[in-house]
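Hi,

Here is the structure I promised to pass on. Have a look at it first, then read my notes below.

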Amino acid sequence: MSVRTAGPSRSDLVADTALALLAERGMRGLTHRAVDEAAGLPQGSTSNLARTRQALLELAVRRLADREARVLALHEMPDPRAGSALLADALALATHRALTRNRELTVARYELALEATRRPELRAYFDATGARFRDQLAALVTGMGSTDPARHTLSLIAWADGLMFSCVAGSFGAEAPSLEEVRAGLRELLDGMLGA
C-alpha cells in the first residue's frame, strides 16, 4: 500500500501562481489564463475557482497573508518584557527573510498594495488582511512600555516597509543589507522610541 503525500490544494496552487506572476510580470501579467498556463492547469481552472479578477486578487491577498505570516513569524516573537535588543533581533530576522529568501513575495505584496489604491473593494480586503500583523506588532510595542503604541507601531512598519521597498524595488535594489545592518537599524529605532 502506498502512502500518498498531500500537495498544495488547488486554491493554494492558483494563489501561489498568481503571486509568482505578479512578481514576475506585474499586475498586467496576471490573468486567469496566465495562471492556468503557469500552474499547468487545464484552461478554465482558475476561472472555476475565482470567477472575477477581484476574486482572483482576493485569493492572492489571502495567500500572501498566510505566507507572510510564516516569514514574519510574529507569533514567535520574544516576550516584550525581555527588552528591545531581543525584539530587534527577531524583527531583523523577519525583515531580512523578506528581503532575501522571500523577495518575490515582497514584490507581489507591493503590486497588490498599489492595485488596492485603485480598487476600493480590494483596499478594504487588503487592509483587513494586514490588520492581524499590525495588531500583533502593536501588542509587542505596548508590552515593551510604549507611551504611544499606535504611533510607534506605525513608525516600525514604515521603517520596515521603507527598507524593504528601497531594497527590493527602489534605488537600493542591487544588494540587500546584511542581517546585522537590519538589526542595527531596528535597535536604533526601538531605542529611540522606547528610551531604552
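The protein has 9 helices and 0 strands, where helices (H or I, at least four residues) and strands (E, at least two) are DSSP runs numbered from the N terminus. Keep in mind that this is a predicted model, where local features need pLDDT of at least 70, side-chain atom pairs count only at pLDDT 80 or more, and totals for chains, interfaces and linings use all residues. Residues are numbered from 1 along each chain as its sequence is written, and side-chain values use heavy atoms, with hydrogens and water left out.

The C-alpha atoms fill a box of roughly 60 × 50 × 30 Å along the principal axes.

Now for the UniProt record: an unreviewed entry lists residues 84–191 as "domain: Tetracyclin repressor-like C-terminal group". UniProt positions follow the numbering used here, feature names are shortened, and annotations may be inferred rather than shown by experiment. That stretch, residues 84–191, is 81% helix and 0% strand, and its end C-alpha atoms are 7 Å apart.

How do helix 5 and helix 9 cross? Their axes (lines fitted to C-alpha atoms over the stretch in contact) come within 8 Å and cross at roughly 135 degrees, with angles running from 0 to 180 degrees between N-to-C directions. Helix 5 and helix 9 are therefore oblique to each other; angles under 35 degrees count as roughly parallel, over 145 as roughly antiparallel, 65 to 115 as roughly perpendicular and the rest as oblique.

Helix 5 covers residues 84–99, and like helix 7 (120–143) it supplies at least two residues of the lining of the largest pocket. Helix 7 gives the most to that lining, with 8 residues. A pocket is an open set of points on a 1 Å grid over the protein atoms alone, where a 1.4 Å probe fits, with protein on both sides within 12 Å along at least five of seven lines; lining residues have an atom within 4 Å of a point.

Cheers
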